[in-house]
Amino acid sequence: MALGPRLELRQGQALVMTPQLQQAIKLLQLSNLELMAYVEQELERNPLLERGEAEDGGPEDDGRTPFEVADAAAIPDGAAQRLDLAGEQTATAARESLDAESDNTFTNDSGYDAAGDGIGMESNYIAGRGGDSRFEDGAGSLEQTLSEERSLREHVQIQWGLMPSNAGDRLIGQALIDSLDDAGYVTEPLSEIAQRLGVDEEEIEAVLLDLQTIEPTGIFARSLKECLALQLRERDRLDPAMQCLLDHLELLAKRDIASLMRVCDVDQEDIADMVKEIRALNPKPGLLFGGEPVQTLIPDVYVRRSTDGGWMVELNSDTLPRVLVNSRYYARVSRDKTAAGTPDRQMKTYLSECLNSANWLVKSLDQRAQTILKVATEIVRQQDGFLRHGVSHLKPLNLRAVAEAIDMHESTVSRVTSNKTMATPRGIFEMKYFFTASIAATDGGDAFSAESIRHRIKSLIDAENMEDVLSDDKIVEMLAGKGVDIARRTVAKYREAMSIPSSVERRRLKKAGLLSVS
């Protein structure tokens, strides 16, 4: 068969990922903080986009054209959708009272008994407001109440300035202070400091000994062993047996109590007292001083109890960007170019691209918000037992179940739940936390979630006493008595994942006083 170039025409279908579609998919999997950073970049790049601010006046008061008002309303203020589990009649009343579209109203499709207590859930999306209801009294945010604390280096500088020393020691002391990390340890080898300053290493060590007398005891240590030794020496507890224990901290980390008793030449009661003293020490004394304020985790979704006993789900409006399309600027620039003569083709193309990009961004932000709200609402519906009674009532749930319930693709639910957190009355959780594998019941009834089983295993082990330490087989037997069909190797896997020792090691540690005894 001869080989040669030729032309062919073929017809086929293919899914093309347009830039707009890629942008919408990207926005779905961003957290609210990442979304704000992305929108800031778009505001700098696109002259037709502007940041929307919360205003007291209505659309008639802001002087915008109808097109701008429509764009601003793409993320409506106070738009609400009600999900009621008590029946279609209540859902219809909610639609009428909230003036919500039928597509945004969920009916009784969750499997709850309509003859129950009429528990309702509300989902509110309030994206245009600039504040949270928690701070409406003018108290301000948590960050505004923080005061700057003295840092470790500032504390050491003050103490070092009060200690008598010559100019050379001052220079050496400053170099040692500069080498401190946040935990209070000297991170640079003394030999390198001596070489850099052109002095003997013995002089560095002499100044270091003076610095180690500064409170809190333990700072300026070069290792964990030295840090603990400084604190024990201050308490007059650094005897030969304790020094031997410090020399073998790796055995303590491995919980090899038998080897520690042998190398330290002490009995079980003495080793238990020594370990208790070690635990009372501070391995990172430098952290007692202020540093950067701890950044609180800002949730993407809030779940609160409603007045009718249900749940109200709303997006965190504080972190949702509100952007507007400045169509007035677009119209003015286009009109000026036309009045000046032949419009610049490149300018006209650029403005059209900016306008399309801005409109698509506003539409994508609105679609993202509605999608997150819909997914979060379904998660709350599915995990109602967890919210009311705790982790022991966490139901097994997968992406497919949520996707089918809200008529979305499974990949969309996966993107929505990535990098998102939900603040509930039981704490802040990643949305992925609510998706757990299922473990079958012995009687063929409702399955249990893997997370709830891990919680049960930990509770059983925490409640055991020294005389009756539970083996994995015993835990399997106790769980089977509660209707859980689980294998011993699964119990062992969950126990090891929670860093819980085996029954043999737990018995030994309890006898040595290294584990609390119930």
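Biologist: How many residues does helix α19 have, and how far does α19 reach from its first C-alpha to its last?

Modeller: In this predicted model, helix α19 runs over residues 450–462, which gives 13 residues, and the distance from its first C-alpha to its last is 18 Å, close to the 18 Å expected at 1.5 Å a residue.

Biologist: Which residues of α19 are buried?

Modeller: The buried residues in α19 are Ala450, Ser452, Ile453, Ile457, Leu460 and Ile461.

Biologist: Zooming out, how many helices and strands does the chain have?

Modeller: The secondary structure comes to 22 helices and 10 strands, and of the 518 residues of the chain, 40% count as buried. Among contacts between residues at least 6 apart in sequence, 67% join residues at least 24 apart.

Biologist: Let's move to the helix pairs; at what angle do α9 and α10 pack?

Modeller: The angle between α9 and α10 is about 160°, with their axes 10 Å apart. Because angles over 145 degrees count as roughly antiparallel, α9 is roughly antiparallel to α10, and the crossing of this pair is right-handed.

Biologist: Which residues make that contact?

Modeller: From α9 the contact takes Lys225, Leu228, Ala229 and Leu232, and from α10 it takes Met242, Gln243, Leu246 and Asp247. Sorted by class, the contact of α9 with α10 has five nonpolar residues, one polar residue and two charged residues.

Biologist: What about α10 and α12, how far apart are their axes?

Modeller: The axes of α10 (residues 240–247) and α12 (residues 257–264) are 9 Å apart, and the two helices pack at an angle of about 135°, which means that α10 is oblique to α12. The crossing of α10 and α12 is right-handed.

Biologist: Which residues meet there?

Modeller: On the α10 side they are Ala241, Cys244 and Leu245, and these meet Leu260, Val263 and Cys264 in α12. The residues of this contact divide into six nonpolar, no polar and no charged.

Biologist: Changing topic to the backbone, where is the cis peptide bond that involves Pro216?

Modeller: The cis bond runs from Glu215 to Pro216, with omega near -5°, and Pro216 itself lies in the loop between α8 (201–211) and α9 (224–234).

Biologist: What is phi of Arg255?

Modeller: Phi of Arg255 is near 60°, a positive value in a residue other than glycine. Arg255 lies in the loop between α11 (249–253) and α12, and at 33% relative accessibility Arg255 counts as partly exposed.

Biologist: And where is Asn419?

Modeller: Asn419 sits in the loop between α18 (410–417) and β7 (421–424), and although Asn419 is not a glycine, its phi is positive at about 60°. With a relative accessible area of 48%, Asn419 is partly exposed.

Biologist: Last one, is Thr371 buried or exposed?

Modeller: Thr371, which is found in helix α15 (residues 345–382), counts as buried because its relative accessibility is 8%, and the cut-off for buried is under 20%.

Biologist: Which residues is Thr371 in contact with, leaving aside its neighbours within four places in sequence?

Modeller: With those neighbours left aside, Thr371 is in contact with Leu28, Met408, Thr412 and Val416.

Terms used:
Residues are numbered from 1 along each chain as its sequence is written. This is a predicted model: local features need pLDDT of at least 70, side-chain atom pairs count only at pLDDT 80 or more; totals for chains, interfaces and linings use all residues. Side-chain values use heavy atoms; hydrogens and water are left out. Axes are lines fitted to C-alpha atoms, for helices over the stretch in contact, and angles run from 0 to 180 degrees between N-to-C directions. Helices (H or I, at least four residues) and strands (E, at least two) are DSSP runs, numbered from the N terminus. Angles under 35 degrees count as roughly parallel, over 145 as roughly antiparallel, 65 to 115 as roughly perpendicular and the rest as oblique. A crossing is left-handed if the near helix is turned anticlockwise from the far one by less than a right angle, and right-handed if clockwise. Contact means heavy atoms within 4.5 Å. Ala, Val, Leu, Ile, Met, Phe, Trp, Tyr, Cys and Pro count as nonpolar, Asp, Glu, Lys and Arg as charged, and the others, Gly among them, as polar. The expected span of a helix is 1.5 Å times one less than its number of residues. Buried means under 20% relative accessible area, exposed over 50%, partly exposed in between (1.4 Å probe, protein chains only).
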